[in-house]
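Here is a friendly tour for anyone who likes to know how a model is packed before computing with it. Please have the sequence and the 3D view open as you read.

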Amino acid sequence: MSPDEGASWAAASAPTAAEVIARQPSLNPGELPIHDLMLHGWIALFGSSVTAMRSLSAALGVISILLVYLVVTELFSESPLTRDDVKIVAALSALVFAVNLVTIKYSREARMYPLMLAAILAQVTMFLRALRVGGPANYAAVVILTAIAIASNFAAALVPATEGLWLIYIIACSGWRPDNANARRAWTVAIVLAAAGLILLPKLFSSLHAVSAGSVGGWRKLPNFYEPFALFNKATGSFAFPILALLAIWGVIRGWQRGSRDAIAFALLWLWAPPLMMLIASYAIAPVFVERYALACFAPFFILTALGIFEMPGDLVRVGALVLAVAFSIGHIVSYDRKPHDAQYREAIAAADSALKPGEAMTVVPSYAIEVLRYYLPSDQLDRAVRYDPSASSAAVLILGDQNLAPGEARSYKTEYPHVVARLRGVTVLRK
């Protein structure tokens, strides 16, 4: 279990839904309790083992594959492509999405990001449908899905913000005339997006206050100016990315030439606007350029890649391009899985427990990892784990994680706890 998963477990394992809601703001700021409530019900059905809790994320990840298919069918519904061609592009998009590490690894964690991704994909589908045909049911779906997406993680607000830019474009192309059907639908969608924001506004303010009050310190660095470009390279793999990028560029060129200009333009806006917004916010407010916050931006990248595969000349070349894209993407997964990426907190807790004398307690840094200690310790020994207090630490043993520490911070902890009990992957056990 990771420290972040520990926070999700601590909230979701509360005895009642009301208690889940009460615990969530301090344990998982930056969201509303929708994921923790879902996980609470999931634990009631399947238990609280790490595998059981992660299976909720895995299920949402599988659902997202279908949602990518639906997004594509809506995105290209008014393009020159035939209905069968659109289905092929949709299927290729779902396949490329399904075999990429960036969409898989977050579906292996008991966190809210798979829910955020699934909600965004569903919201984009209904946003495009509402723009195309209107209708009260479609508008209502946009309101509900926008609220769910943002409630699952506030970073999801980047997508409605992007959609707002697209609505301005649609209205401008319609000459700002209220008698134009496209403009009327765009204005209506703008109103329903605003309505979703108003629904969440009171909770957003209180939760954002909790985020600022419980900020995670200085481990996040200002991103480089090229970070929006590097984001896709890092996430899809140094070998797979050039292939996927070239196919995506070809998809943009051919799709534009064949008349799918609105679909291509929306995909490009969805792909680039959120990372650029995060970059601007990082310099204007605070560093917020985090891969998982931009998770939904990979969907349009894979859609354009799939379009590039489809637009290849001849079936043999298409198959070859598909094989290359899938093979290198799977190769990135295999390469990633050959190396461990977790920290051995369970083993560290066992080592710390064996090093404690009667009446002594252990602590952990980063301090929010305390919930992992409480997860692995027997229920009758929870008093052996205490939250780290820099002003008066009473713990005899410190479990020191390697991640999310400010530069030079580890040295001060090792001075306070000079004796090494155990060195494990991603974590060190120290004693006074």
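## Ground rules and confidence

This is a predicted model, in which local features need pLDDT of at least 70 and side-chain atom pairs count only at pLDDT 80 or more, while totals for chains, interfaces and linings use all residues. Residues are numbered from 1 along each chain as its sequence is written, and side-chain values use heavy atoms, with hydrogens and water left out.

The average pLDDT (the predictor's confidence in each residue, from 0 to 100) is 92 for the protein, and 95% of the residues score at least 70. Residues 210-218 have a pLDDT below 50, and this stretch has four contacts in the model beyond near neighbours in sequence; contact means heavy atoms within 4.5 Å. Where pLDDT is low, the predicted coordinates should not be read in detail.

## Two nonpolar cores

A nonpolar core is a set of buried Ala, Val, Leu, Ile, Met, Phe, Trp, Tyr and Cys residues joined through side-chain atoms within 4.5 Å. Buried means under 20% relative accessible area, exposed over 50%, and partly exposed in between, with a 1.4 Å probe and protein chains only. The largest such core holds 86 residues, and Phe76, Leu121, Phe127, Val189 and Trp270 have the most contacts inside it. Helix α7, residues 113-133, gives the most to this core, with 14 residues. Another core lies apart from it and has 34 residues, including Ala110, Ile349, Val364 and Val372. Helices (H or I, at least four residues) and strands (E, at least two) are DSSP runs, numbered from the N terminus.

Leaving aside neighbours within four places in sequence, Phe76 is in contact with Leu81, Val86, Ser260, Ala263, Ile303 and Leu307.

Which residues does Gln123 contact beyond its neighbours within four places in sequence? They are Val142, Leu145, Thr146, Val159, Glu163 and Leu193. Gln123 lies in helix α7 and counts as buried because its relative accessibility is 2%.

Leu131 is also found in helix α7, and at 12% relative accessibility Leu131 counts as buried. Not counting residues up to four places away in sequence, Leu131 touches Trp166, Leu167, Arg185, Ala186 and Val189.

## A pocket and a cavity

Rolling a probe the size of a water molecule over the atoms shows where empty space is left. On a 1 Å grid over the protein atoms alone, a cavity is a set of points where a 1.4 Å probe fits but cannot get out, and a pocket is an open set with protein on both sides within 12 Å along at least five of seven lines; lining residues have an atom within 4 Å of a point. Grid points are joined across faces, edges and corners, and a volume is the space filled by probe spheres set on the points.

The second largest pocket has about 480 Å³ of space. Its lining has 21 residues, with Glu78, Arg132, Trp166, Ile170 and Asp262 nearest its centre. Two or more lining residues come from each of α4 (50-75), α7, α9 (158-173), α10 (181-213) and α13 (261-284), and α13 gives the largest share, four residues. By class, the lining of this pocket has nine nonpolar, six polar and six charged residues. Here Ala, Val, Leu, Ile, Met, Phe, Trp, Tyr, Cys and Pro count as nonpolar, Asp, Glu, Lys and Arg as charged, and the others, Gly among them, as polar.

One cavity of 30 Å³ or more is counted. The largest cavity has a volume of about 40 Å³, and among the residues lining it are Met116, Ile120, Leu158, Val159, Pro274 and Tyr293. Helices α7 and α9 are the elements that give two or more residues to this lining, which has eleven nonpolar, no polar and no charged residues.

Most peptide bonds are trans. A cis peptide bond joins Val365 and Pro366, with omega about 5°. Pro366 sits in the loop between β1 (362-365) and α17 (370-376). Gly401, in strand β2 (residues 397-401), touches Val365 and Pro366, among others, and is buried at 2% relative accessible area.

Is Met1 buried or exposed? Met1 is buried, with a relative accessible area of 12%. Met1 belongs to the segment before α1 (3-12), and its contacts outside four places in sequence include Trp9, Tyr345 and Val372.
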